[in-house]
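Subject: Structure handover

Hello,

Here is the structure I promised to pass on. My notes follow below it.

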Amino acid sequence: MSRRVVRQSKFRHVFGQAAKADQAYEDIRVSKVTWDSSFCAVNPKFLAIIVEAGGGGAFIVLPLAKVWQIPDYTPMRNITEPIITLEGHSKRVGILSWHPTARNVLLSAGGDNMIIIWNVGTGEVLLSLDDMHPDVIHSVCWNSNGSLLATTCKDKTLRIIDPRKGQVVAERFAAHEGMRPMRAVFTRQGHIFTTGFTRMSQRELGLWDPNNFEEPVALQEMDTSNGVLLPFYDPDSSIVYLCGKGDSSIRYFEITDEPPFVHYLNTFSSKEPQRGMGFMPKRGLDVSKCEIARFYKLHERKCEPIIMTVPRKSDLFQDDLYPDTPGPEPALEADEWLSGQDADPVLISLRDGYVPPKHRELRVTKRNILDVRPPSVPRRSQSSSDAPLSQHTLETLLEEIKALRERVQAQEQRITALENMLCELVDGTD
């Protein structure tokens, strides 16, 4: 008798579970813009969601912590003026992507078929790729060190681009033969994972080697739904999660070096369709509960966390589930990357859990309007230029900081009082 051999994988039993109702974010008017985007971004501190507004462009930012301390005054107001405005596109921008290792480097792509790479700290355009895509760009993805881009376009071509050389280093026409939008992401092995549609409008996934685009490493048909599949790839586990716009499920696959290379793991299903999806970085997960992924599912008027867990009996830290992962600190400055340098992400350990820093200073090599660091304090005249500050100097600085905080609080209270008076005056005139 033949016996079926089950593929061994520590992720074979990963399961998804929606968070409890009291952990969801209610009364959010999610944008109804017809753009195949996730509409959501998340990090260990905040959740950002694109919301419905006249003219578009509005978003809401929510703290992930559920414990609130309400002060006597009201320091929080809507932000209507940006710190910086990046002007360069002639049509709507639908894609934004931060460089994985360089500080303040942001990529944007829009309906004008252009890709612009910015230094947001100075507002400068570092690179403009305006002659590589003859039609609307559907997706853009950096590789792990930010040296290459993978793009998909309405012309049905998958391109690998060296942005600093301004060259297409490899391309594949009709990686998926259908006319619906295609998506592409880099894997940790340097392959390209794609989603798209067949000529008969069936959804399809593919795995490609950019050194040999003639034949796919893997190509699998899925179903006949018409929602665009958004891939979310975790390089630590090499699991890719597929979230379809309008679907009520998340399917996930493990990518390995063994045939058939893309292995189906499981499907998380729910009753309500998803309008968009946010994907938490690995450093924001709860390692004590063996959580390996967390999504923020957008409904019509709420956002619901969905947690992916590997069942384990031990309460100890699971080294095999949590290798060192990219942290928030950049490995390069913008100018260093532009000059041709590459660096892998700066990794952090999750053994003791990740605690986001309360304050992160922006260090730049040019004038940076985002730099909010206080001016440097001159050292006391001593025989050694490297001598530490004295206890008296430190105490003086602490007193000055305390006084500044009290002044800011007083100004906030004064502004709040003036706003209340203005509201009373307006109500009185009515």
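An open sheet of 4 strands runs in the order 14-15-16-17, with antiparallel pairing. Strands are DSSP runs (E, at least two residues), numbered from the N terminus. Two strands pair if DSSP finds at least two bridges between them. Strand 14 (183-186) and strand 17 (218-221) are the edge strands, each pairing on one side only. Strand 16 (residues 203-208) and strand 17 are antiparallel over 4 bridges. There, Leu-207 stands opposite Ala-218 in strand 17.

This is a predicted model: local features need pLDDT of at least 70, side-chain atom pairs count only at pLDDT 80 or more, and totals for chains, interfaces and linings use all residues. Residues are numbered from 1 along each chain as its sequence is written, and side-chain values use heavy atoms, leaving out hydrogens and water.

Next, the salt bridges (a side-chain nitrogen of Lys or Arg within 4 Å of a carboxyl oxygen of Asp or Glu). The count is 16. Arg-203 and Asp-223 form one, at 2.8 Å, N to O. Arg-203 lies in strand 16 and Asp-223 in the loop between strand 17 and strand 18 (229-234), so the pair ties together parts 20 residues apart in sequence. Asp-223 also forms a salt bridge with Arg-251, with the closest N and O atoms 2.5 Å apart. Both Asp-223 and Arg-251 are buried, meaning under 20% relative accessible area (1.4 Å probe, protein chains only). Arg-203, Asp-223, Asp-247 and Arg-251 are linked in a network of salt bridges.

Best wishes

Note on methods
Buried < 20%, exposed > 50% of the residue type's maximum accessible area, 1.4 Å probe, protein only.
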